[in-house]
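Here are my notes on this one, jotted down while going through the fold. Have a look at the model first, then see whether you read it the way I do.

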Amino acid sequence: MELKIRKNGDVYIIDVNGEMDLYNSYKLKELVMKMLEKNVKSFIINLEQVDYIDSSGIGALIYICSTIKKMNLNLYISNIHGSVKKVIELTKLMGYFPIANSVEEALLMINE
């Protein structure tokens, strides 16, 4: 799994590339925690290049989401598709995660 950060105004977009599984989902959690320490207030986690997620990947997303919600900051998860979308639907988390169809849509929702 590879993580790339890009910025659009005050919004940090984390592009996740590869599989979010037991062996590497902690990397995303660590990255977001470091960014929170630096007072980043708006995040988009872009899952466009993620074709596989397991329970630890879901756990990392739940942890990130709940931490950011408690701090009243902005988070959207974008470009969920294929088997990743199925896993999120099966775990009944579609309503829990703030989901956007694209990075552009997420940016619009954050900047409203």
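**Notes on the helix pair and the sheet**

1. Starting with the helix contact, in what is a predicted model: from H1, the residues involved are Ser25, Leu28, Lys29, Val32, Met33 and Leu36. Across from them, H2 contributes Ser56, Gly57, Ala60, Leu61, Tyr63, Ile64, Thr67 and Ile68. Sorted by class, the contact of H1 with H2 comes to nine nonpolar, four polar and one charged residues.

2. How do the two helices sit against each other? The axes of H1 (residues 25-37) and H2 come within 8 Å, crossing at roughly 15 degrees. With angles under 35 degrees counted as roughly parallel, that makes H1 roughly parallel to H2. The crossing of H1 and H2 is right-handed.

3. H2 (residues 55-70) lies across S2, S3 and strand S4 (74-78). Relative to S3, H2 runs at about 170 degrees.

4. On the sheet itself: five strands make an open sheet, ordered S1-S2-S3-S4-S5, with mixed pairing. Which strands stand at the edges? They are S1 (2-8) and S5 (99-100); each has a single partner strand, so one side of each is left without a neighbour in the sheet.

5. A handy landmark is asparagine 17, whose bridge partner in S3 is glutamine 49.

Definitions and conventions: Residues are numbered from 1 along each chain as its sequence is written. This is a predicted model: local features need pLDDT of at least 70, side-chain atom pairs count only at pLDDT 80 or more; totals for chains, interfaces and linings use all residues. Side-chain values use heavy atoms; hydrogens and water are left out. Two strands pair if DSSP finds at least two bridges between them. Helices (H or I, at least four residues) and strands (E, at least two) are DSSP runs, numbered from the N terminus. Contact means heavy atoms within 4.5 Å. Axes are lines fitted to C-alpha atoms, for helices over the stretch in contact, and angles run from 0 to 180 degrees between N-to-C directions. Angles under 35 degrees count as roughly parallel, over 145 as roughly antiparallel, 65 to 115 as roughly perpendicular and the rest as oblique. A crossing is left-handed if the near helix is turned anticlockwise from the far one by less than a right angle, and right-handed if clockwise. Ala, Val, Leu, Ile, Met, Phe, Trp, Tyr, Cys and Pro count as nonpolar, Asp, Glu, Lys and Arg as charged, and the others, Gly among them, as polar.
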